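Here's a quick briefing on a few spots worth a look. Have the model open while you read.

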Amino acid sequence: MLLAALFSSPIILAYPIFLVTFGRTSAAVIALSSIFGLIPIIMNTKSAFQQVNPVLLEVGASMNLSRRQMFRHILLPAVAPTIFSGFRLGLTYILKSVLGLEYVVQIGGVGMWLSDAAFRFEVGEVYAGLVGTILLSVMFLYVINRTEVLVRR
Amino acid sequence: MNGVQQTGASLAASVQTPAGVQTLTVVGAVIVWELIGRTGLLFPELFPSVVGILQSFWIYVTTPLLIPHLKASLYEVGGGLFLGALCGIPLGVIFGSQRSLMRVMEPIILYLAVVPKIIIFPIFILFLGIGTGSKLAVGAIAAFFPIVLLTIAGMREVKPVYLDVARTLRASRLQLATKVYLPAITGYVFTGVRIGLGASVTGALLAETKVAKAGLGFMIVEYYSQFRMADMYSLLLFIFILAAVANWAMKLVFSLLLPLPRSTQDAGVFF
């Protein structure tokens, strides 16, 4: 509940606090963005473990699986899809807050490049930056999807 | 003795409810904050005492200091949400009602939704100036994406079987729209508008922190640049409470309008 309330509030506006704490470095961007990613991942992981079908656990118990085997072969495949969709959701938020912050406070990165390009009214560069952002998200999504395939095997 | 034990037990029981744990968490965080602020253990300037924050919060509530900024921000957020819904809902219905169009448009919208809308802000400044118009535009773009995506999701909920049944019953196009599509998408559209509100607040206020003449986001950066930390924290608190109240009010109104709640994904797909 508290997490959900925090989730719906515009946390990104708290960025001056992080700037003062960490200085105008990428550490501030990482710190604030990790909060953004943290919340959906926590909520999805929680609901993943809540939704494990008890029948699956009973099957495992009746096959005399050890705790390790139980985790590797029953729990992990059962919770992986929801947890990974949490990762994907988290990625979206992290990407947004990273680029948004880079844009607003001018700390390096694609966001600052976009800001510069728009400031010089280089429309071509702005669109290139947009495409770059999309490619970035596709790349991260690909890595997450590959990891999911590995885990679920 | 027995009475004391009983009250102790009932106290423990009331603490162990979710609300009790939540209250304890908040109270604990406030106490730790106050201790850090009082002792100056860690970044003395960064953690002003809770009393100072509450004092400046009280000033915001009781004096007309913030009224012009509040007006500007409400205009931007409200206008942005209205424009976003005005474009998002019809487009979502159009995209969702034609399968081929949806297959073309949905990935494009999905990928564009990931891009932070704030980066189009400079272009809006050029078109609309540094007044409230450009922030309204950012808020509208930010609100548009969750609304259109959830409307499409709602349209997808209409299974072909429903349409077949309606056609077998010789439903007219109007009846098809009001009896099949409308009930299916209402819940999704409401959720989309609620998420769109959050997106609009984030977009418009973040744009205000960049270039603005008035607004709540503008005031945050003013306080930050003057290093008035207590004022900044209390303003953040003010904004968070405002956003939470708006979100809660919307939930309440929608649950009154829609007596049969459908299970829609609440966490929100794209802010």
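**Briefing: helix contacts, loops and rings**

A:Leu99, A:Glu102 and A:Tyr103 in H5(A) touch A:Gly109, A:Val110, A:Gly111, A:Met112 and A:Ser115 in H6(A), where contact means heavy atoms within 4.5 Å. Sorted by class, that contact of H5(A) with H6(A) has 4 nonpolar, 3 polar and 1 charged residues; Ala, Val, Leu, Ile, Met, Phe, Trp, Tyr, Cys and Pro count as nonpolar, Asp, Glu, Lys and Arg as charged, and the others, Gly among them, as polar.

Bear in mind that this is a predicted model: local features need pLDDT of at least 70, side-chain atom pairs count only at pLDDT 80 or more, and totals for chains, interfaces and linings use all residues. Residues are numbered from 1 along each chain as its sequence is written, chains are lettered from A and ligands numbered from 1 in the order in which they are written, and side-chain values use heavy atoms, with hydrogens and water left out.

**How H5 and H6 of chain A cross**

- Helices (H or I, at least four residues) are DSSP runs, numbered from the N terminus.
- The axes of H5 (residues 67-105) and H6 (residues 109-119) of chain A come within 7 Å and cross at roughly 50°; axes are lines fitted to C-alpha atoms, for helices over the stretch in contact, and angles run from 0 to 180 degrees between N-to-C directions.
- That makes H5(A) oblique to H6(A), since angles under 35 degrees count as roughly parallel, over 145 as roughly antiparallel, 65 to 115 as roughly perpendicular and the rest as oblique.
- H5(A) passes H6(A) in a right-handed crossing, which is to say that the near helix is turned clockwise from the far one by less than a right angle.

**Positive phi in loops**

- A:Asn64 sits in the loop between H4 (54-62) and H5 of chain A, and its phi is near 60°, a positive value in a residue other than glycine.
- With 69% relative accessibility, A:Asn64 is exposed (buried means under 20% relative accessible area, exposed over 50%, partly exposed in between, with a 1.4 Å probe and protein chains only).
- B:Phe227, in the loop between H10 (216-225) and H11 (229-257) of chain B, also isn't a glycine and has a positive phi, near 55°.
- B:Phe227 is partly exposed, at a relative accessible area of 42%.

**Aromatic rings**

- Over all chains the count comes to 7 aromatic pairs; rings of Phe, Tyr and Trp (its six-membered ring) pair if their centres lie within 6.5 Å, and planes under 30 degrees apart count as stacked, over 60 as edge-to-face and the rest as tilted.
- A:Phe18 and A:Phe22 are stacked, with ring centres 6.5 Å apart and planes at 5°.
- These two, A:Phe18 and A:Phe22, are 4 residues apart in H2 (residues 15-22) of chain A, so about one helical turn separates them.
- A:Phe18 is buried at 17% relative accessibility, while A:Phe22 is partly exposed at 39%.
- B:Phe190 and B:Phe254 are stacked too, with centres 4.1 Å apart and planes at 10°.
- B:Phe190 lies in H9 (residues 173-210) and B:Phe254 in H11 of chain B, so the pair ties together parts 64 residues apart in sequence.
- B:Phe190 is buried at 18% relative accessible area, and B:Phe254 is buried at 15%.
- B:Phe57, B:Tyr60, B:Tyr223 and B:Phe238 form one aromatic cluster.

**H6 of chain B**

- B:Phe121, B:Pro122, B:Ile123 and B:Phe124 are buried in H6 (residues 121-128) of chain B.
- The cover over the buried residues of H6(B) includes H5, H6 and H7 (123-152) of chain A, together with H7 (132-157) and H9 of chain B.
- After H6(B) comes B:Gly129, with a positive phi near 80°.
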